[in-house]
Every structure is written in C-alpha cells, then in structure tokens.
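Hi,

Here is the model I promised to pass on.

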Amino acid sequence: MITTLLGHPVVRLVAHRIAMGLVLLFAASLLIFVGTQILPGDVAQSILGQSATPQSLANLRAELGLNEPAVTRYISWLVGAMHGDLGTALTNGQDIAEAMGRRLGNTLFLASCAAIIAVPMALILGLVSVRYHRRWPDKVISGVTLASVSVPEFLLGYIVMFIMAVRLHAFPSVSTVYDSMSLLERLNAIALPVIVLVMVVLGHMMRMTRAAILNVMQSAYIETAELKGLRPFRIIWRHALPNAIAPVVNVVMLNLAYLVVGVVVVEVVFVYPGMGQYLVDHVAKRDVPVVQACGLVFAAVYIGLNMIADVVSILANPRLRHPK
Amino acid sequence: MSRIPLSALIGMVVTAAYFLAAIFADVISPYGYADVVGNVWDPVSAEHWLGTDSIGRDLLSRMIYGGQITIFVAAAATVLAFATGAFFGFLAAVSGGWVDQVLSRLVDLLMSIPALILALVILSVLPVSVPVLIGVMGLIESTRVFRLSRAVAVDVAVMDYVEAARLRGEGTIWVIFREILPNALSPLVAEAGLRFIFMVLFISTLSFLGLGVQPPLADWGGIVKENKEGIVYGIPAALIPAVAIATLAISVNLVADWVLTRTSSLKGGRG
C-alpha cells in the first residue's frame, strides 16, 4: 500500500519539488552569507569607518570571529540558524531571534490582513473584466491597475496617508501597535498600510488572473459551451474556472510572495514595528548579523510560497492525479 | 508602417519631455539644486512654481536635478542589465550543455531571493555610492533579462541559418553577435522599456529607504524622504515626485506596449 502510494507520480513530483525548495533555500543561505562576507570592504572596517585604528579593527575582527576561516563561520551560522539561534546584533548586543519574533508576528499579521482582502477582490475583478472583455468595465479596471502598478509602494503610501489621515481624519497616520491593544484597535491602527498593500498587489494579481482565465477562454470546450447557449457567467464559473485554478493559485502565491517584499517599504512609511523596518534600520547601521538573519527569513518565506504554488498546481492537474 | 496610435504618441511626448529636462537640467532649472532661496515649505508662487522644500530650496529645481539623477541611474543600470543579461542569455542558449545548466541554475538561485531584499543585503556591506548602486541594481536585474534573452535565443539557435554559420566554422561569439542578436532584438527592445521603469522604481525605493543616492544630491525617491514630515501637516511637497514617477512610468509603458504589439504583428500576428 505504502509502496504504491510512494510510487504514485504525484507523490514523486511533489516530493521532488519540496526537495528542490530545500536545496534552493540552502543555496540562498550560502548566497546571503557569501554576499555579506566575501565582498570587498570587511565588516569591521565598514562598522568603524576609514579612520579606525589598526588595533581597534583587530579587536573587532577577533570579537566578530572574522579571523576564523569563512567556511567555519558559515557552518556555525547555518547550524545556529537551524536551531533558532540567529546570533546577536552588533549595535545593541540583543538576541536577534528574540527581537525578530514579535516583529515577524506583526509583519505576518499585516500581510495576512492585506491578503484576506486582496485575494477575493482580485479574483472577482478578474472575472468581471473577462466577462466584459474589451468593453468599458475591462478598460476601466485595466487602466486603474496600470496606474497603481506604475507608482512605487512608498508613494502610494504617502498618497493614501495624505488623503485618508490628514484630509479625512479617518485613520491614524502612523501605525503604532503595542501588546495591550485589542484586536479592533490593532486593525484600526494598521488600516492604512493594509489599504496600500491591497492596492499594490491587487493590480498585479488582477492582471495575471485576467490573463490566466482569458487563456482558458480560448479553448475548444469553451466554444462548445458557448454554442450550447449557456450564459456567460455560467461558462466562466463552471467551465473556465476549474481549468484556471492551477494558474490562478500560482498567481495568488506569486503575489503573496510579492506582498512580503512590499511590506518592507510600507512598514517604513507607516513606522510599523515589523520585519521590514528592522531590516532597513540595520542595513543603514551596517549590522551584518541582523541583515543576514532578516535576509534568510525573507528568502525562506519567499521560496516557501513559490514552492506551495508549484505543489498546488501539480495537485490541481487531473492528468497528473489520474495517470493512465 | 502603420499610424502611431494616440496613446503611444502621448507616451513618447511625455517620455521625451522628461529626458530633455534631465539632459538640459542646468539650462532650464530656475535655481541651483542646493541653494536655499525661500522659507521652509513655501506654497506655490510665481517665483517657486512648485513651492519650496523642507529647508527652503526651490522644489522645481530639485525635481529637475532629481529627475536627472533618477533617469541617469536607471538608464545606466538598464544598459548594464542588458549588456550582461543578454550576453549570458545568448551564450547559454548557443552553448547548451553544462554552460547553460550552470548559468541557468545560478540565475534561479539569484531570483529565489526578492530583488529588494538581495539589494539591501549586499548594500549593507558596500559603500553606498552611485557606481555601486548602478552595479548592484544592474546585476540583480540582469537575471530577469537573462531569462528572457535565453528563451528568445533558444528559438533562434535552432534555425537553419545558425546551423549554416556553425558549419562554416564561425565561433560562438560570432554566432551570438551576428546571427542571434539581430533576430532577438525586437522583443528585447520592448522589454528594455519595462526594465527601465522597474529600475526607476527600484532606485526611488532605495533612496527613499535612505540606502540609495546620498545627500546633498537627491533623486525623486530622496525628495520624498526629505519632505515626508510635511505630509502630516498637510503639505503635499512629498507627493510631487509621485506624479513625476507615475507619469514617466505610464508613458514608457504605453510606448513599450505599442512596440510589443507592432513587433508581434510583424511576425504574422500570432500574439
């Protein structure tokens, strides 16, 4: 029984894809490490600046373990990271994993609030613009999304802040959150960053959904359904959508991955205590251990979401589920 | 040659206006970019068409010089991305075998980390200067160009005339530049527009985060950063670069769209 299950092509494909994801994550950790260690300009020098004395440089190098060979440092860093020990920050000596824990929670809370709103909206708008393909609803939706894609996240952030917080006084302009807040207060605080993130991903997601469904709409069985005289929404809902699930799920996952990056900038705009602000602050301070840890976490989330997208599209393909 | 559609025409005019303003910044800007000529955040007036910024510099002049930096950095990074990305993409497609495998897997790896995160990680250890920014942005972006040019070149590389060139005994470099490049040019030109816009957004974002162009110089992203405190008091100075970036992005998009449909209809209109 188990051998037949393991022999099933879907299981093999999924296992293969997950293994690929893990290999990629491992390689990404290597890339992040190499990128921050072997580039010209050593970390001690960049922390202390050009005017540092040789003695203080040597002390700092010893303190950071820079005298060890790079391979040893990489292995101890990776093993530590796998055990949840991300090292300590250079600037304040704090434990990185501890400082990151709450911020990661905040970021995921913000990103999932945005996703809960953006995903259904993008799917509905995508369906509407396919239904009215090349008529005015399609053109209006396409125009608005083109505009929102053309504006960088941080500017969208300030435009929303200017209109909603300064002119209309609807929501606070700065998203301060603390532990004793109730869920409702918390949602009120993050309303503006959520609106911005929704606008950022909605355009991409809607365009890609529209393209995926339009692609399916050109197949022969859709023409048959049309010739049978079915109503347009029924054709889209019963005939096009099931076949578009794999590409659409792919679109959603890619955009959630995109959301993770958009969060970095939006958090800085709204001074929200999340991972993005943590990363940007410490890049400016050249606090390499924190940057490495943040980079690793962001890469893991990004690779993970892409992996889920691939696995879902394997599972959604009936040809792979029921092999001949 | 068909008529140019109105949307593409508008796109071209606006794009050309921004580029001309960038090139002739010294001639057209009313004040120097670092001269303090008024009070903090003066409103729009006859002397200062866009008002003044957070320390009383003329905002229109800042915007013109900022546009010069933004467009220069973005254009240089785009050129670098295409020079490296397209060369290695063609090389991978022409060579095949292990060269293709190594290059493609390396690009997969670089693309597995989001571009902004990778840029931040690298910039945390490098001195932040304009050449470094162009290099980091261009090389990260070249992975996207690599994907496209490899895909295009794989189709071209199986053509009979490439086979003929190989049988004549031409080398890889000759095949890349004389056979593949001319036949892969049109999709790459359309892509260049989109990549350029992506670079404009990228440098603006980095500067806004304080990790791009450093003061006293400022690109459009930097101008947002300088004036962002004004937003809370209802001063819209920080929103002016938004208009500039968005209109530039949309107009380049319109031109690129037109180039893309025109070249695909030349190929028999299958697109």
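Below are my notes, starting with conventions and then going through chain B and chain A.

This is a predicted model, so bear in mind that local features need pLDDT of at least 70 and side-chain atom pairs count only at pLDDT 80 or more, while totals for chains, interfaces and linings use all residues. Residues are numbered from 1 along each chain as its sequence is written, chains are lettered from A and ligands numbered from 1 in the order in which they are written, and side-chain values use heavy atoms, with hydrogens and water left out.

**Chain B overall**

Chain B has 11 helices and zero strands, where helices (H or I, at least four residues) and strands (E, at least two) are DSSP runs numbered from the N terminus. Read along the sequence, that gives α-α-α-α-α-α-α-α-α-α-α. Its C-alpha atoms fill a box of roughly 70 × 50 × 30 Å along the principal axes. Of the 271 residues in chain B, 52% are buried; buried means under 20% relative accessible area, exposed means over 50%, and partly exposed is in between (1.4 Å probe, protein chains only).

**What the record says, and what the model shows there**

An unreviewed UniProt entry annotates "transmembrane region" over residues 6-25, 69-93, 113-140, 192-211 and 231-260 of chain B. UniProt positions are given in the numbering used here, feature names are shortened, and annotations may be inferred rather than shown by experiment. I looked at two of these spans:

- Residues 69-93 of chain B are 100% helix and 0% strand, with the end C-alpha atoms 35 Å apart.
- Residues 231-260 of chain B are 77% helix and 0% strand, and there the end C-alpha atoms are 39 Å apart.

The unreviewed entry also carries "domain: ABC transmembrane type-1" for residues 67-256 of chain B. In the model that span is 82% helix and 0% strand, and its end C-alpha atoms lie 20 Å apart.

**Salt bridges**

Side chains of opposite charge can pair when their charged atoms come close. Taking a salt bridge as a side-chain nitrogen of Lys or Arg within 4 Å of a carboxyl oxygen of Asp or Glu, the count over all chains is nine.

One of them joins B:Glu226 and B:Arg62, at 2.7 Å from N to O. This pair links distant parts of the chain, with B:Glu226 in helix 9 (residues 220-227) of chain B and B:Arg62 in helix 3 (residues 59-95), 164 residues apart. B:Arg62 counts as buried because its relative accessibility is 3%.

Another joins B:Asp108 and B:Arg147, at 2.6 Å from N to O. B:Asp108 sits in helix 4 (residues 97-111) of chain B and B:Arg147 in helix 6 (residues 130-157), so the pair ties together parts that are 39 residues apart in sequence. Both count as partly exposed: B:Asp108 has a relative accessible area of 23%, and B:Arg147 is at 40%. The two also belong to a network of salt bridges with B:Arg105.

B:Glu170 and B:Arg168 meet in a salt bridge as well, at 3.2 Å from N to O. B:Glu170 is partly exposed, at 25% relative accessibility.

**Surface patches**

Patches are made of residues with over 30% relative accessible area and no salt bridge; like charges are joined within 9 Å, and nonpolar side chains (Val, Leu, Ile, Met, Phe, Trp, Tyr) within 5 Å. Accessible areas come from the Shrake-Rupley method with a 1.4 Å probe, and for residues only the protein chains shown count as cover.

On chain B, a nonpolar surface patch is formed by B:Leu20, B:Ile23, B:Phe24, B:Val27 and B:Ile28, with about 510 Å² of accessible area together. Helix 1 (6-23) and helix 2 (25-28) of chain B are the elements that give two or more residues to this patch. B:Leu20, in helix 1, is partly exposed at 48%.

On chain A, the surface has a patch of positive charge made by A:Lys228, A:Arg231, A:Arg234 and A:Arg238. Lys and Arg count as positive and Asp and Glu as negative, with His and the chain ends not counted; the place of a charge is NZ of Lys, CZ of Arg, CG of Asp or CD of Glu. A:Arg231 falls in the loop between helix 11 (220-227) and helix 12 (232-269) of chain A, and is exposed, at 64%.

A:His16, in helix 2 (residues 9-37) of chain A, is exposed at 52%. Its C-alpha atom is separated by 9.8 Å from that of A:Val311, 295 residues apart along the chain.

All yours now!
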